[in-house]
Amino acid sequence: MENLQSKSVLNAQTPCQYSMVYGGKIRKFIAILLGIFLSLKLVEAKAPSQSADIYKFNTGVLSKVLSFESDQTPLMLVEGAIDTLKSQATAVATVNAVDLEKDVFLSKNQGLLSLLAENMIVREDAIIVVRILSKYLDVNTLAVGERFRLVFDGRSRFQSIRVSLGFAERLEVKRDDQGFFAVKYKNSTTLQSHYVEGEIAGSFYNTGLRLGLSHAALAKLNEILSYEIDFQREILSGDQFTVFYNTVRDDIDGSEIFHSIKFAELALANSIVTLYRYQDEKSGSVDYYHPDGKSSRSFLMKTPLENARLSSYYGRRKHPVLGYTRMHNGLDFGAPLGTPILAAGDGIVERASYFGSFGNYIRIGHRSGIQTVYAHLKGYAKGIKSGVTVEQGQVIGFLGATGRVQGRHLHYEVHKNGKAIDPLGLDLPASNNLTGKALEVFYKHIDHVNNDLSVYR
Ligand SMILES: [Zn+2]
């Protein structure tokens with residue numbers, strides 16, 4: 001295999017002597033993975049053994065005793081989750097009559113201790129509170145304007161401080177007979193459906209933003225659609241798209257974060273791409289499928305790097321300077337120096353070393369006699385060497401200008417059974433298509449989604 005492949009690559013002669021065009025629009029997609037929490041309900045306020053208020057949660061109470069050198073009083077840490085602010089307030093009210101709640105905000109160049117002092121909290125209380133808070137958040141890098149809620153009792157004695165720890169999660173440090181302790185709350189959340197349809201005007205990304213899609217939603221859309229279409233070439237102004245997606249809403253403050261895309265449809269000039277999100281019942285794995293159960297995650301990605309511009313196509317080409325005709329065995333992509341190069345599919349690295357006019361070179365062997373080649377790299381990603389297994393989308397190297405080149409670019413080839421083929425003409429079987437029982441379950445699932453969609457369409 002090694003010999004066969006090397007031969008076919010060498011037959012390609014020099015990789016790319018054609019002029020490269022770089023630049024163009026840069027689209028930044030930030031992939032964000034989101035963890036979703038479902039909150040659980042506060043069951044009851046229970047009479048404690050010693051301290052004033054301990055809550056029992058139906059998640060089970062995790063409690064730890066922490067001691068601080070400056071204050072030998074043990075501090076009780078209780079972590080759990082409650083349903084709503086209201087139930088929390090009720091529980092607190094059974095212990096302390098709360099007279100004043102006050103929101104305060106961190107000013108520029110102000111420390112937390114100074115903010116607490118400004119609000120009449122005695123220094124020894126403030127020091128303990130900040131020490132406890134610092135176990136959960138970096139108190140030295142709080143943002144200007146960070147909000148804290150302070151609670152005082154009827155005698156103006158400081159009782160507690162609350163701060164947001166992130167989406168739908170809050171921390172409260174509160175006083176009891178023995179000192180201060182921390183309680184973490186998870187707000188209850190609700191999955192919200194959103195429907196967006198529109199016509200692309202300019203770029204897909206900017207159209208999406210104008211229609212209210214978040215960056216996170218657009219990054220996901222880009223990811224799932226990138227297996228289907230070439231964003232540079234195939235999407236045009238006037239194309240129609242539909243997205244049906246979920247966000248998670250914090251029931252307390254109304255804030256929302258992106259959760260998942262349930263359905264996406266893109267109607268191009270000559271074709272329609274329709275994808276449904278589907279979670280396999282057995283494995284739990286989530287993927288996107290066409291209405292017939294074919295996986296959208298094709299065998300090879302169409303573009304093995306992001307923000308790239310196709311600058312030279314596969315085929316016989318006349319050299320722009322030297323005038324002779326030569327075969328260009330792959331595609332050239334222009335992008336900034338150092339742009340990560342991704343493995344186009346799952347496979348095994350067959351070669352990752354300097355290779356004559358190709359410069360720094362990687363070849364990956366995939367299933368079904370397919371190989372992909374990446375040339376002129378600036379360097380290799382950590383751990384990439386002959387014999388290692390790589391996954392589709394994994395960073396394998398970085399765009400460069402090594403070997404015989406006129407400028408930086410990625411030279412990319414696809415070979416089938418040892419022969420270079422046009423990567424854009426690939427029609428390879430998709431992986432993980434649904435069959436049998438799974439397909440039946442999937443059909444029921446899409447009926448359900450279509451039913452939900454019919455409310456909007
Ligand atoms: Zn080339």
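Select strand E25, residues 395-398, together with strand E23 in this predicted model. The two strands run antiparallel and are joined by 2 bridges.

The open sheet now in view has 3 strands in the order E19-E25-E23, and their pairing is antiparallel.

The next two stops concern the backbone angle phi. Most residues other than glycine have a negative phi.

Move to the loop between strand E7 (158-166) and strand E8 (169-176), and select Ala-168 there. Although Ala-168 is not a glycine, its phi is positive, at about 60°. Is Ala-168 buried or exposed? Counting other C-beta atoms within 10 Å gives 25 for Ala-168. A residue is buried if that count is 20 or more, and Ala-168 is therefore buried.

Finally, go to the loop between strand E26 (410-416) and strand E27 (419-421), where Asn-417 lies. Asn-417 also is not a glycine and has a positive phi, of about 50°. Is Asn-417 buried or exposed? Asn-417 has 11 other C-beta atoms within 10 Å. A count of 12 or fewer marks a residue as exposed, and Asn-417 is therefore exposed.

Definitions and conventions. Residues are numbered from 1 along each chain as its sequence is written. This is a predicted model: local features need pLDDT of at least 70, side-chain atom pairs count only at pLDDT 80 or more; totals for chains, interfaces and linings use all residues. Two strands pair if DSSP finds at least two bridges between them. Helices (H or I, at least four residues) and strands (E, at least two) are DSSP runs, numbered from the N terminus.
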